[in-house]
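Subject: Structure handover

Hi,

Here is the structure I promised you. Please open it first, then read the notes below.

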There are 2 protein chains.
Amino acid sequence: MELSNFTYDELEIGQSASITKEITLSDIQGFAAISGDINPAHLDSEYAAKTMFKEVIAHGMLNGAYISAVLGTKLPGLGTIYLSQELSFMKPVKIGTVLEVVLTVKEKLPKNRVVIECNCFNQDEELVCTGTAKVLAPAQKLSATSKVPEFTLKI
Amino acid sequence: MELSNFTYDELEIGQSASITKEITLSDIQGFAAISGDINPAHLDSEYAAKTMFKEVIAHGMLNGAYISAVLGTKLPGLGTIYLSQELSFMKPVKIGTVLEVVLTVKEKLPKNRVVIECNCFNQDEELVCTGTAKVLAPAQKLSATSKVPEFTLKI
């Protein structure tokens with residue numbers, strides 16, 4: 001994939017970027033494998049049936065992982081330094097949820113700092129996760145190619 | 001792995017739990033694969049050599065993933081509902097960093113809400129990531145078994 005960026009000077013208040021992703025059991029199992037968060041609420045449908053959500057749900061922090069992807073690949077993209085993140089988990093993300101992760105430039109601060117509003121919606125346009133990121137935006141225009149590492153999961 | 005929990009009533013201010021993990025390139029590649037954050041600062045050593053950190057670094061949100069793991073498997077553990085998270089990324093986490101993720105109960109709020117301080121240190125005891133989580137702590141004692149899904153990267 002070709003990657004580029006928006007420099008601090010190019011970024012405009014209200015500018016946005018997003019990704020859309022249908023959440024699968026593999027996404028959740030993969031996050032469990034990488035994070036080590038093997039709470040059965042995310043992995044075991046029999047256990048999950050007895051919880052308040054009645055079925056397996058994604059880790060809240062998976063929303064954070066996708067926010068990282070938009071910051072690192074789209075807005076601002078290459079050269080972004082991640083400074084901080086606030087996240088509120090509003091609703092569960094279930095298998096089959098079509099998640100839209102929308103980032104919008106909210107404020108430009110001195111010294112190339114930018115505040116970015118982060119909202120994750122489900123297919124019913126309900127807000128499932130919301131928060132703000134603060135980043136150090138790139139000063140220079142950059143371009144590079146990169147690709148998603150391939151993996152296999154065994155349960 | 002046998003998992004259990006601490007109920008809201010059992011949790012005490014100052015109580016803590018931690019995990020320690022040496023960060024490998026596979027951990028970073030795995031997070032890139034799951035999140036889709038394929039910024040080459042995390043994946044491409046040649047590209048990374050030209051960045052301010054001079055080498056490949058972990059995604060900041062990988063700290064968040066490990067915090068999720070401590071919350072979901074240790075403190076409070078089973079039955080925890082993740083409400084919100086603040087994170088500040090203080091220093092880069094590099095390959096070979098021995099990361100210690102320490103969570104400490106900071107405040108018990110009404111209605112089973114608990115504020116948990118989250119600190120990630122490197123092997124030089126430098127704070128690389130800090131923040132606070134808010135969770136809904138479990139009301140009931142729970143136990144379950146769970147295991148880490150096998151995750152194999154094809155690079």
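Helices (H or I, at least four residues) and strands (E, at least two) are DSSP runs, numbered from the N terminus. Asn112(B) sits in the loop between β4 (98-108) and β5 (113-121) of chain B. Its phi is near 65°, a positive value in a residue other than glycine.

Some ground rules. This is a predicted model, where local features need pLDDT of at least 70, side-chain atom pairs count only at pLDDT 80 or more, and totals for chains, interfaces and linings use all residues. Residues are numbered from 1 along each chain as its sequence is written, chains are lettered from A and ligands numbered from 1 in the order in which they are written, and side-chain values use heavy atoms, with hydrogens and water left out.

**How the copies are arranged**

Copies are superposed by least squares on the C-alpha atoms of residues with pLDDT of at least 70 in both. A rotation of 180° with 0.0 Å of shift along its axis puts chain B on chain A, with an RMSD of 0.2 Å. The two copies are thus related as by a two-fold rotation axis. In chain B, Glu86(B) comes closest to that axis, at 2.2 Å (C-alpha).

**The interface**

Contact means heavy atoms within 4.5 Å. Chain B brings 53 residues to the contact, and chain A brings 53 residues. The copies meet through the same surface, because 100% of the interface residues of chain B are also interface residues in chain A.

Buried area is the accessible area (1.4 Å probe) that two parts lose on being put together, summed over both. Between chain B and chain A it is about 4400 Å², and carbon and sulfur atoms give 67% of that. Ile34(B), Ile38(B) and Met61(B) lose the most area on the chain B side, together 16% of what that side buries.

A salt bridge is a side-chain nitrogen of Lys or Arg within 4 Å of a carboxyl oxygen of Asp or Glu. The rule finds two across this interface. One of them joins Glu150(A) and Lys154(B), with the closest N and O atoms 3.7 Å apart.

Those two residues also face each other in strands. Two strands pair if DSSP finds at least two bridges between them. Strand β8 (residues 150-154) of chain A pairs with β8(B) in the antiparallel sense, over five bridges. Glu150(A) stands opposite Lys154(B) in β8(B).

**Cis peptide bonds**

Leu75(A) and Pro76(A) are joined by a cis peptide bond, with omega near 0°. Pro76(A) lies in the loop between α3 (60-73) and β3 (81-89) of chain A. In chain B, the bond from Leu75(B) to Pro76(B) is cis, with omega about 0°.

Best wishes
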